[in-house]
Each structure stands twice: as structure tokens, then as C-alpha cells.
Amino acid sequence: MDDPVLDCLIIGGGPAGLTAAIYLARFHLDILVVDGGKSRASWIPCTRNHAGFPDGISGEELLERMRTQAQKYGAKIATEHVTKLERDEETGLFTVTWGSGCRTAKSVLLATGVSNRQPPMDEELHDDALARGLIRYCPICDGYEVTDKKVGVIGDDSHGVAEAIFIRSYTADVTLIAPDAALNLKAEDREKLERAGIDCVDGPAHAVAIADNCIVVDTAEGHHTFDSVYPALGSDTHTQLGEMVGAKLADDGCYLCDDHQRTSVEGLYAAGDVVHGLDQISHAMGEGGVAATSIRNDLCAKQPLWREPAEKMEEAETGS
């Protein structure tokens, strides 16, 4: 027998997707989360600015708690990498395909996030440094942890300058390092760095070792040792699936959505870092809640989601 049509299929099991799953499951909808297991939140050794956890919580533990909560209310979660998204123009139904199968759904939520561009360094060294807080990707999340520490920022152009100046509010010892060759900066950016007292070092930058719980970066001007390094190299937004069905993108490469997380394609929604906004767990969760409520209300507008009497539901379950 063919699988029944889902009310919603969520692609991505990070904070946005799992928040939506909790809401949708508690709306008594038939949903499935398909997650490739690469949420950026899982990288976080310990987040201390997520409300409700005064001593902090690791990203992996937070995601596990959210998965458990969603499954408690009936959400199903599959660890798979979605490769194709299609939409039948006649029925409006979506078909989602992954390695071991596919499902059809009345609506789809894209919570596929972004990937940070990593600095040039050995992968094993990167992961070890990340776990120790020697490599950090989000000063909004953890700038507090580098207060009065020695910090390097690997980046160029105005983006690298902006991140270095942001971190300058936490510590007086900030160095901007070119990722490739010489720093390519506008005159006004150099003036900003000079006013802030931020040193500049030409690249190429290559993190080479961990020593005395510090990270060593090799540059054109020799070795530099930092308590933490922030790569300010940008990120890649995962919009390929939505583009397969014609979802429009904003100028920054994120999905173009209305205030209710609806994309330009009917029945297709997006939430989290894949949508323009503050790339934070709290923001992603908020968008997940908005998206889930929009999905529920839009489905109900097409067909009332009235609850059957208990006796009828029991008859349906027993087949009598």
C-alpha cells in the first residue's frame, strides 16, 4: 500500500525545523522530518546565550532534546539527505526524494540552513579547535567568551572589517588576518581599523597547530598565537531544493518569504538561517513556530482540520 500523503514534510532538523515539528505534531498533523544530520547547531560546544540554560548547553544536546520532544507528540524523523524536490502543478502536492525513498506531502518546510566557509587547515585540527573554542564562528553567540582575550579574525573586505570591529567591543587585542595574500581594504575600512586599534596582518593564513590551549596561525609575517580565531569568510546558503520548484531568492541569496514564512511557491515555506535574518538559534526557533502556524492555518483554509469524535477514531484504528 502506498504511504499516505503527509500534511507537511520538513527538510532539515536544526532548531528551525525541529521547532516547527514540535508545533505541527501538537497540531495533530501527520508530519515527517528528513534531516541530513549536518545542522550548524551541532557544532556548538556550549551555547550560553540560549534562554533557559544559565550554565549553557551543547548544540548536540539541545538538538537531541528537541528531537525527543517532537517525537513524543508523534513526529517522525528520518536521517537522510534529500536530493530532489518536485511539485505537481495540477494537484499542488510535493514529492520529496532521498537515497532510500520518497514521500508526497501537501506542504514542505525548508529549514536547510547555511554552511560556514572554513579557514584553510587540517580537518581534524579544525574539529579539535572548534570543540575547544579555539575556532569560533559567531561573535554574537560567544563574543562574551573571548572577553579580554587575544583574538584573530581571518577575513578580508568590509565583512572581515565589520567582524573585527564587532569583536573589539569584547577585547582590546584583535588582529585582522588576510585569508589569501595582502589585505584588500578600502581606505575607509583601514581608517576604521586604525581608530579601533586593530592590527592587520597579510596572508595567506593557515592554522597549523594547537599549543598551550592556543591556536597557532601561520601568515606571511610569521607565526601568530591566539586564544581564539574567528573565520569571517562568509557562508553558503542551501537553497538548491527550493530552486528546483521555482522558489524566488532575495538579493542576499536567501529565500524570499513573506511575514508568515511563505515562499513564492504555494505550499512551500522556509525558516531559519536559509531565510534572511539574524542567524541565531532563538531567531530560527521563532521562525519555525511562525512557519508551523502558517502551515496549519493554510491547510485548514483548504480543508477543515476538524477532530473526529473519539469513537469514530477508535473504529478507524481497529478497522471495525
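Are R136 and D142 buried or exposed? Both are buried (under 20% relative accessible area; exposed is over 50%, partly exposed lies in between, with a 1.4 Å probe and protein chains only). Their side chains meet in a salt bridge, 3.6 Å from N to O.

This is a predicted model: local features need pLDDT of at least 70, side-chain atom pairs count only at pLDDT 80 or more, and totals for chains, interfaces and linings use all residues. Residues are numbered from 1 along each chain as its sequence is written, and side-chain values use heavy atoms, with hydrogens and water left out.

**Salt bridges**

A salt bridge is a side-chain nitrogen of Lys or Arg within 4 Å of a carboxyl oxygen of Asp or Glu. The count comes to 15 salt bridges.

| Pair | Closest N and O atoms |
|---|---|
| R103 and D3 | 3.8 Å |
| E61 and R65 | 3.0 Å |

R103 forms a salt bridge with D3. This pair links distant parts of the chain, 100 residues apart: R103 sits in strand β6 (residues 101-105), D3 in the segment before β1 (8-11). Helices (H or I, at least four residues) and strands (E, at least two) are DSSP runs, numbered from the N terminus. R103 is buried at 12% relative accessible area, whereas D3 is exposed at 53%.

E61 and R65 are four residues apart in helix α2 (residues 59-72), so about one helical turn separates them. E61 is partly exposed at 38%. R65 is partly exposed at 46%.

R40, D273 and D279 are linked in a network of salt bridges.
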